[in-house]
Amino acid sequence: MATVTLGAADLVRRRGLRQMRLVALSLLVLAAVIYVITLHREGAWGYVNAAAEAAMVGALADWFAVTALFRRPLGLPIPHTAIVPTRKDSLAESLEQFVTENFLSAEVVAEKMKSADVSRRAGEWLAAGNHAERIVAEGARTIGAALPKLGDDDVTAFVRGSLLPRFVQEPLSPIAGHFLESVVDDGAHHALFDLLMIEAHDWLSDNRELLADVVGPRAPRWSPMWVDRLVVDRIHREALAWLADVRDNQDHAARKAIDRLLQKLAVDLQNDPETMERFEAFKARMLTHPDMGSSLTAVWDSLRTALIDSIQDPASTLRVRGVKVIQDLGQRLQDDDVLREKVDARATEAVSYVIRTYGNEIVSVISDTIARWDGREASARIELHVGRDLQFIRINGTVVGALVGLVIHTVSQLL
């Protein structure tokens, strides 16, 4: 059984409980003293005596009722007393059921979520003050602490044991084809092709001798050296001119040919069984290569190092961009009604799902916690929270009893 410890608030409650018990007991003692003093007296004292007698009865009856909730009065084994310690488990189950039916139901929570305007309030909080900076800083601190704990061995085991086999089994040809189709339709590959042409022209311009080393041995043996040099120079000039033309002319035939080739490849990757099969075979060879796991681990290690360095610098582009994104999101949540409705709907669905799926486990904390308490300790804890208010029952019983006794005595005298 768990031991119930008293915190500072509990100590304050215990002092208040003792004070109210003293007040209730004092009224009982006062009624008893008045009863003794006015006993066997005639006249108006008879009315006082009757009121004091009834006050004692009321005070003792209510003392018994209040005490019987938490312990056996005077330690006597009276039936249906000490209700809390003897029936704490059933009371906990009843409380659990009450909370489930009236507070933790999906309908109640969903209605509360709708009226709470969660998304707008979240947007106001995100956009105000330095909240975005705090979120990014806390996220950076958490990521910075977690990333170094991911060792290379763990990453390699995950890549080789889970990631690569999953990609080998998963057909990626349609996805690659759809992605390539989007790239070609948007012209996103043109910038890469421009860069390729620029680098190819610059490289060929600086490596004329390498071209001569490649072309020269293919010349006929009977060809004079000076003729070979003229041929190499002509090939070099023509190649540079062609690369420059392709580089500078956006409507060059070579560019259009590349576009047509990529468009056809994108369609074939999605529809042509032969192309799809070749792609999947190439993918499998690449992913099952012995060096693939270690290569991906090396890439991850470099990425992790760069990420750690970036998130540790408050002025880094990554963190500054993160703050800006969060602030923009907060502003959109305030201004965009459509987005706000979607966020509220998704949040309501998520919370409702959690309640429907795990609601019983959540409220079971009540019965599980109380079940671990010792009966007497549980009774003491509950009495600390409600006992002070229950003492007013004793006080009211004393006062009401006196008034009722006075009325009964008066009526008796009149009759």
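**Residues, packing and confidence**

Analyst: Gladly, and please keep in mind that this is a predicted model. A place to begin is Asn-49, which is found in helix 2, the run covering residues 44–70.

User: Is Asn-49 buried or exposed, and why?

Analyst: Asn-49 counts as buried because its relative accessibility is 11%, which falls under the 20% cut-off for that class.

User: And what is Asn-49 in contact with, leaving aside its neighbours within four places in sequence?

Analyst: With those neighbours set aside, Asn-49 is in contact with Tyr-35, Thr-38 and Leu-39.

User: Where does UniProt place the "transmembrane region"?

Analyst: The UniProt record, an unreviewed entry, places that feature at residues 20–38. In the model this span is 95% helix and 0% strand, and its end C-alpha atoms lie 27 Å apart.

User: Switching topic, which helix is His-189 in, and is it buried or exposed?

Analyst: His-189 lies in helix 10, which spans residues 189–206, and with a relative accessibility of 12% it counts as buried. Apart from neighbours within four places in sequence, His-189 is in contact with Val-183, Val-184, Asp-259 and Leu-262.

User: Now the packing: at what angle do helix 6 and helix 16 cross?

Analyst: The axes of helix 6 (residues 118–127) and helix 16 (residues 317–335) cross at roughly 145° and come within 7 Å, and the crossing is left-handed.

User: Which residues make that contact?

Analyst: From helix 6 the contact is made by Ser-119, Arg-120, Gly-123, Glu-124, Leu-126 and Ala-127, while helix 16 contributes Ile-326, Gln-327, Leu-329, Gly-330, Gln-331, Leu-333 and Gln-334. By class, the residues of this contact divide into five nonpolar, six polar and two charged.

User: What does Asp-344 touch, not counting residues up to four places away in sequence?

Analyst: Asp-344, which is found in helix 17 (residues 337–372), touches Asp-117, Val-118 and Ser-119 once those sequence neighbours are not counted. The C-alpha atoms of Asp-344 and Asp-117 are separated by 7.5 Å, although the two residues are 227 residues apart along the chain.

User: Last one: where is confidence lowest, and where is it highest?

Analyst: Confidence is lowest in helix 11 (residues 208–215), with a mean pLDDT of 70, and highest in helix 13 (residues 253–271), at 90. For the protein, the mean pLDDT is 82, and 94% of its residues reach 70 or more.

Note on methods:
Residues numbered from 1 in each chain as written. Predicted model: local features only at pLDDT ≥ 70, side-chain atom pairs only at ≥ 80, totals over all residues. Heavy atoms only, no water. Helix = DSSP H or I, 4+ residues; strand = E, 2+ residues; numbered from the N terminus. Buried < 20%, exposed > 50% of the residue type's maximum accessible area, 1.4 Å probe, protein only. Contact = heavy atoms within 4.5 Å. Axes fitted to C-alpha atoms, helices over the stretch in contact; angles between N-to-C directions. Left-handed = near helix turned anticlockwise from the far one by under 90°. Nonpolar A, V, L, I, M, F, W, Y, C, P; charged D, E, K, R; others polar. UniProt positions renumbered as here; feature names shortened; annotations may be inferred. pLDDT = per-residue confidence, 0-100.
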